[in-house]
Structure formats: C-alpha cells, structure tokens
Amino acid sequence: MSYTKGTFKDGTKGWKAVPYEKLVGFATHEIHWSDDGECIAEVVHGANDAKLIAAAPDLAEAIQYYFDVLDEVRGEDWDKKPDHVLQKMLAAMTKAGQR
C-alpha cells in the first residue's frame with residue numbers, strides 16, 4: 001500500500017482534516033499530510049466526509065492487515081468463498097484500487 005503520510009507536531013500521524021473557510025458561506029475542510037500545509041484534498045464539504053477521507057489510509061491498512069492474518073490462518077485462497085462481511089471488505093479495497 002502506498003500513500004503519503006506525515007507526522008504532525010501534535011503527534012497526529014497520517015492525514016488530518018483541517019477546518020478551512022475557503023468559500024463564503026460554506027464550512028469546508030482540507031486534508032493535510034503534514035504541518036507544512038501540503039494538501040491531499042483542498043475543499044471537502046462537511047466535517048464527517050473530511051474525517052473519513054483523512055482516515056482512509058488507516059482504514060485500508062487495517063483491512064489489509066486483516067487479509068494478511070487470514071492468509072496465515074486460512075491459507076491464501078480464503079477469498080475464493082468470502083462471507084458477507086469479507087465480500088464488503090474486498091469490494092471496498094477493490095474500489096480503492098488496493099486489491
């Protein structure tokens with residue numbers, strides 16, 4: 001998995017949703033990857049969407065870790081007959097281009 005991530009002065013690792021008033025009348029957020037203000041996304045409407053985008057690399061990493069554990073426990077063909085939960089996880093990772 002590859003994505004850019006930083007470490008912030010406040011100890012936050014990865015991406016961070018930062019409130020930003022860019023458009024008059026709209027509360028927007030930027031997704032930063034370091035304290036220097038570099039953006040992954042400049043305008044995200046809504047705090048919940050911004051937080052979800054900022055958490056995406058961590059979520060993908062957690063799912064991939066689970067897949068790696070399944071490889072060890074069930075063998076490498078566990079995804080041939082996934083249950084309904086794994087089907088959703090596989091679909092999400094495929095949509096993200098991680099599978």
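A residue is called buried under 20% relative accessible area, exposed over 50%, and partly exposed in between (1.4 Å probe, protein chains only). By that scale Asp10 is exposed, because its relative accessibility is 52%. This is a predicted model: local features need pLDDT of at least 70, side-chain atom pairs count only at pLDDT 80 or more, and totals for chains, interfaces and linings use all residues. Residues are numbered from 1 along each chain as its sequence is written, and side-chain values use heavy atoms, with hydrogens and water left out.

**Nonpolar cores**

- A nonpolar core here is a set of buried Ala, Val, Leu, Ile, Met, Phe, Trp, Tyr and Cys residues joined through side-chain atoms within 4.5 Å.
- In soluble globular proteins, nonpolar side chains tend to be buried together.
- The largest such core has 9 residues: Ala60, Ile63, Phe67, Leu70, Trp78, Leu86, Met89, Leu90 and Met93.
- Helix 1 and helix 2 are the elements that give two or more residues to this core.
- A second core is separate and has 6 residues, among them Trp15, Ile31, Ala41 and Ala50.
- Helices are DSSP runs of H or I with at least four residues, strands are runs of E with at least two, and both are numbered from the N terminus.

**Residues in and around the largest core**

- Ile63 belongs to the largest core and is found in helix 1.
- Ile63 counts as buried because its relative accessibility is 18%.
- Ile63 and Ser34 are 29 residues apart in sequence, and their C-alpha atoms are 24 Å apart in space.
- Ile63 is also 29 residues from Ala92 in sequence, but here the C-alpha distance is 9.5 Å.
- Ala92 is in helix 2 and is partly exposed, with 40% relative accessibility.
- Trp78, another member of the largest core, sits in the loop between helix 1 and helix 2.
- Trp78 is buried, with a relative accessible area of 5%.
- Between Trp78 and Lys88, 10 residues apart along the chain, the C-alpha separation is 14 Å.

**Salt bridges**

- A salt bridge is a side-chain nitrogen of Lys or Arg within 4 Å of a carboxyl oxygen of Asp or Glu.
- By this rule there are 2 salt bridges.
- One joins Asp10 and Lys16, with the closest N and O atoms 2.6 Å apart.
- Asp10 lies in the loop between strand 1 (6-7) and strand 2 (13-14).
- Lys16 is partly exposed, at 23% relative accessibility.
- Asp10 and Asp36 are 26 residues apart in sequence and 13 Å apart in space, C-alpha to C-alpha.
- Another salt bridge joins Arg99 and Asp79, with the closest N and O atoms 2.8 Å apart.
- Arg99 lies in the segment after helix 2 (84-95) and Asp79 in the loop between helix 1 and helix 2, so this pair ties together parts that are 20 residues apart in sequence.
- Arg99 is partly exposed, at 45% relative accessibility.
- Asp79 is partly exposed too, at 25%.

**Surface patches**

- Patches are made of residues with over 30% relative accessible area and no salt bridge; like charges are joined within 9 Å, and nonpolar side chains (Val, Leu, Ile, Met, Phe, Trp, Tyr) within 5 Å.
- Accessible areas come from the Shrake-Rupley method with a 1.4 Å probe, and for residues only the protein chains shown count as cover.
- Lys and Arg count as positive and Asp and Glu as negative, while His and the chain ends are not counted.
- The place of a charge is taken as NZ of Lys, CZ of Arg, CG of Asp or CD of Glu.
- A patch of negative charge on the surface gathers Asp68, Asp71, Glu72, Glu76 and Asp77.
- Asp68 is found in helix 1 (residues 47-74) and is partly exposed, with a relative accessible area of 35%.
- Tyr65, Val69 and Val73 make a nonpolar surface patch of about 320 Å².
- Val69 is in helix 1 and is partly exposed, with a relative accessible area of 30%.
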